[in-house]
Amino acid sequence: MISRRGLLLLSLMCGAGVLWSAGLIVSLAFGIRPVGIPIAVGFAAILTVPAFAAGILANRRGFQTRQPRRFWSLASWVPPHVPIWAAVAAAVVFFGFWVALVGSFMALDGTPGQRDGKYVLEENDQVAEVSRSVYERQLDHETQISLAVLGAFAVGGTFLCAARATAHDEP
């Protein structure tokens, strides 16, 4: 079992993943690419995946979780000691990543690629030649999709690790 201090560190790590993903999504929305795509997504994954997995396992073992009694009640999805405002804040940030994900999917016009030194978008077996700026914008949308998914997982990891780390053990 992971110690409380370890869970808090993992929660902070996932929180850094939230900030990293959100910052990059915003910068890509404004057409600024501060780091390369592999670094952006790779670093977000390194910050997110271990802490998310630890949060799932710690909550499963620590709270002996089962399905919520009522699907529509937020309190049934949240451990009893966690303030509702914290759960609502996590839900709002999660929703923000969801909006970024949907917006990026809607903005995709095809799969960007290069053929014979030209930039193309491929969709439904149709290939259209595009300018370099359109090609790079489509790459940015694909990156935003990856970052939005990792950011949503990071929100969950932050919440789960912090919930288990702050739980009061019953005698």
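## Exercise 1: Ring pairs

**Solution.** Start with the cut-offs: buried is under 20% relative accessible area, exposed is over 50%, and partly exposed lies in between (1.4 Å probe, protein chains only).

Before going on, a word about the model: it is predicted, so local features need pLDDT of at least 70 and side-chain atom pairs pLDDT 80 or more, while totals for chains, interfaces and linings use all residues. Residues are numbered from 1 along each chain as its sequence is written, and side-chain values use heavy atoms, without hydrogens or water.

**Task.** How many aromatic pairs are there, and which kind do Trp 20 and Phe 43 form?

**Solution.** First, the rule: rings of Phe, Tyr and Trp (its six-membered ring) pair if their centres lie within 6.5 Å, with planes under 30 degrees apart called stacked, over 60 edge-to-face and the rest tilted. That gives 4 aromatic pairs.

Next, look at Trp 20 and Phe 43: their ring centres are 4.8 Å apart and the planes meet at 75°, so this pair is edge-to-face. Then place the two partners. Helices (H or I, at least four residues) and strands (E, at least two) are DSSP runs, numbered from the N terminus. Trp 20 belongs to helix H1 (residues 4-29) and Phe 43 to helix H2 (residues 37-63), so the pair ties together parts that are 23 residues apart in sequence. Trp 20 is partly exposed at 24%, and Phe 43 is partly exposed at 37%.

Now return to Phe 52 and Phe 153. Their ring centres are also 4.8 Å apart, with planes at 80°, so they too make an edge-to-face pair. Phe 52 sits in helix H2 and Phe 153 in helix H4 (residues 132-165), which makes this a link between distant parts of the chain, 101 residues apart.

## Exercise 2: The sheet

**Task.** In what order do the strands of the open sheet lie, and which are the edge strands?

**Solution.** Two strands pair if DSSP finds at least two bridges between them. Tracing the pairings gives 3 strands in the order S1-S2-S3, with antiparallel pairing. The edges are strand S1 (111-115) and strand S3 (126-130), as each pairs on one side only.

Now take the pairings one at a time. S1 meets strand S2 (residues 118-123) through 5 bridges, in the antiparallel sense. Across from Tyr 119 in S2 you'll find Gln 114. S2 and S3 are also antiparallel, joined by 5 bridges, and Glu 123 stands opposite Gln 126 in S3.

**Solution.** The hairpin of S2 and S3 leaves 2 residues between the strands. Bear in mind that most residues other than glycine have a negative phi. Asn 124, though not a glycine, has a positive phi of about 55°. Asp 125, another non-glycine, has a positive phi of about 60°, and this residue lies in the loop between S2 and S3 as well. For exposure, Asn 124 counts as exposed at 67%, and Asp 125 is exposed at 73%.

## Exercise 3: The inside

**Solution.** A nonpolar core is a set of buried Ala, Val, Leu, Ile, Met, Phe, Trp, Tyr and Cys residues joined through side-chain atoms within 4.5 Å. The largest one has 31 residues, and the members touching the most others are Ile 25, Val 82, Phe 97, Leu 147 and Phe 159. H1, H2, helix H3 (84-107) and H4 each bring at least two residues. H4 gives the most, with 11 residues.

Zoom in on Leu 147. With contact meaning heavy atoms within 4.5 Å, and neighbours within four places in sequence left out, the partners of Leu 147 include Ser 21, Leu 24, Ile 25, Ala 44 and Phe 97. There is also a second, separate core of 5 residues, among them Tyr 119, Val 130, Tyr 135 and Leu 139.

**Task.** Is Asp 140 buried or exposed, and what does Asp 140 touch?

**Solution.** Asp 140 is placed in helix H4. With a relative accessibility of 6%, Asp 140 counts as buried. Leaving out residues up to four places away in sequence, Asp 140 touches Leu 28 and Arg 33.
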